[in-house]
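Here is a short report on one protein chain. Keep the sequence and the 3D view open while you read.

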Amino acid sequence: MNTPVYLDNAASTPVDPAVAALMQRLLQSPEGTANPSAGHAAGRAAAAVIEQARREVAALIHADPGEIVFTSGATESDNLAIIGAARFRRRFGRHLVTSAIEHPAVLESCRALEAEGFQVSYVAPDDRGRVAAADIAAALRPDTILVSLLHAHNEIGVVQDIAAVGALCRRHGALFHVDAAQSAGRLPLDVRAQCIDLLSLSAHKLHGPKGIGALFLDRERCRRVTPLLHGGGQERGLRPGTLPTHQVAGMGRAFALAAQRLNEDPPRIAGLRDRLWRRLATIPGILLNGPEQGRVCHILNVSIPGVDGESLRLALRELAVAGGSACTAETGEPSPVLRRLGRSEPLALASLRFSIGRQNTEQEIDFAAECVHAAVERLRALAPAEA
Ligand SMILES: *Cc1c(COP(=O)(O)O)cnc(C)c1O
């Protein structure tokens, strides 16, 4: 077993060897060299590689390939979906609905729209992070043009009832955007059955490369949005710029692999997550962040009373895990999401987010649990902090 044990797969996953091999081959091939927009044979071969990837990405979410636009990642997809759709539909209304615990890519896109004169309602979750469809319904107004909701939460793993929210958006006539960066390949996604009009995807959360993602736009309900970038006509003009053939192909292969393994990986990963929680649950006072039931397979977030968060993470040098908040790691601020769920500042700081990938083993899970037990015992013996 190699240390540090990597248990930060919600932040990024290792690239699958088959994906890396494909990308490597493409980088050094004529079709990897050619501009996919070029009319010569190598350019056409590059375009064919991209269309293959488009089919593979579309298949995982039961969309048509023509409904997929490649972007640089889920951050860009969230921005394009929310800002692009709001600007495109502003004559129909200036109001959006989202939740108070969205990913920063969604929240900051909403803030940017507020500066343009849009209004946004931020629906509060319950103390486990669940956003009630009824609360979304209550926030809808005649001028609501878009609702945006995370499918599986990147910090606490809570899974929202997107099909229910999708159905009510459809009845209301508002567009529905879902950030599926954490749920794709881990939970079933069907854009038609779940009434999703826009869906954000990222390759590097699913054993693909960083720097590539996709946005699904429903052919009938949301064919166009106002682009954020201006340039050549690539991706139907919605996202101009030369497509990175090897990146796109890597995403396609990663999504095809995930589709093949959809019945195999999520249950195995959920088993590892439950094994880890069983072993950690014997730490006196430990708290699960998020609901007991209804979490995505790979995320386990806990708070440990009686220890200082910073000391805890320093003591866990043999583990690559996120703490406090992955996104505010630089600032040292407690996770706003955990604070929203009612955790005190010390408990929000003394949190650990374990996230499991396809590559992790039972042995690694058991080692991680032992490390946490040892660290907590040592820290509590040193300085019995009040929680
Ligand atoms: C990681 C993540 C993003 C950002 O994706 P990038 O591809 O890194 O831009 C957006 N939303 C969620 C839920 C994520 O977990």
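Pro-4 sits in the segment before strand S1 (5-6). The peptide bond from Thr-3 to Pro-4 is cis, with omega near -5 degrees. Strands (E, at least two residues) and helices (H or I, at least four) are DSSP runs, numbered from the N terminus.

His-207 lies in the loop between strand S7 (198-202) and strand S8 (213-217). His-207 is not a glycine, yet its phi is positive, about 65 degrees.

## Ground rules

This is a predicted model: local features need pLDDT of at least 70, side-chain atom pairs count only at pLDDT 80 or more, and totals for chains, interfaces and linings use all residues. Residues are numbered from 1 along each chain as its sequence is written, and side-chain values use heavy atoms, leaving out hydrogens and water.

Domain 1 gives 30 residues to the contact and domain 2 gives 31. Contact means heavy atoms within 4.5 Å.

Together the domains bury about 2400 Å², with 53% of it on carbon and sulfur atoms. Buried area is the accessible area (1.4 Å probe) that two parts lose on being put together, summed over both. Thr-13, Leu-341 and Arg-358 supply 24% of the area that domain 1 buries against domain 2, more than any other three residues.

## Helices H1 and H8

Helix H1 (residues 17-27) crosses helix H8 (residues 245-260) at roughly 155 degrees, and their axes come within 9 Å. Axes are lines fitted to C-alpha atoms, for helices over the stretch in contact, and angles run from 0 to 180 degrees between N-to-C directions. H1 is therefore roughly antiparallel to H8. Angles over 145 degrees count as roughly antiparallel, under 35 as roughly parallel, 65 to 115 as roughly perpendicular and the rest as oblique.

The contact of H1 with H8 has 9 nonpolar, 4 polar and 1 charged residues. Ala, Val, Leu, Ile, Met, Phe, Trp, Tyr, Cys and Pro count as nonpolar, Asp, Glu, Lys and Arg as charged, and the others, Gly among them, as polar.

## Helices H4 and H5

Helix H4 (residues 74-88) packs on helix H5 (residues 104-115) at about 30 degrees, with axes 9 Å apart. H4 and H5 are therefore roughly parallel to each other. Their contact divides into 8 nonpolar, 3 polar and 1 charged residues.
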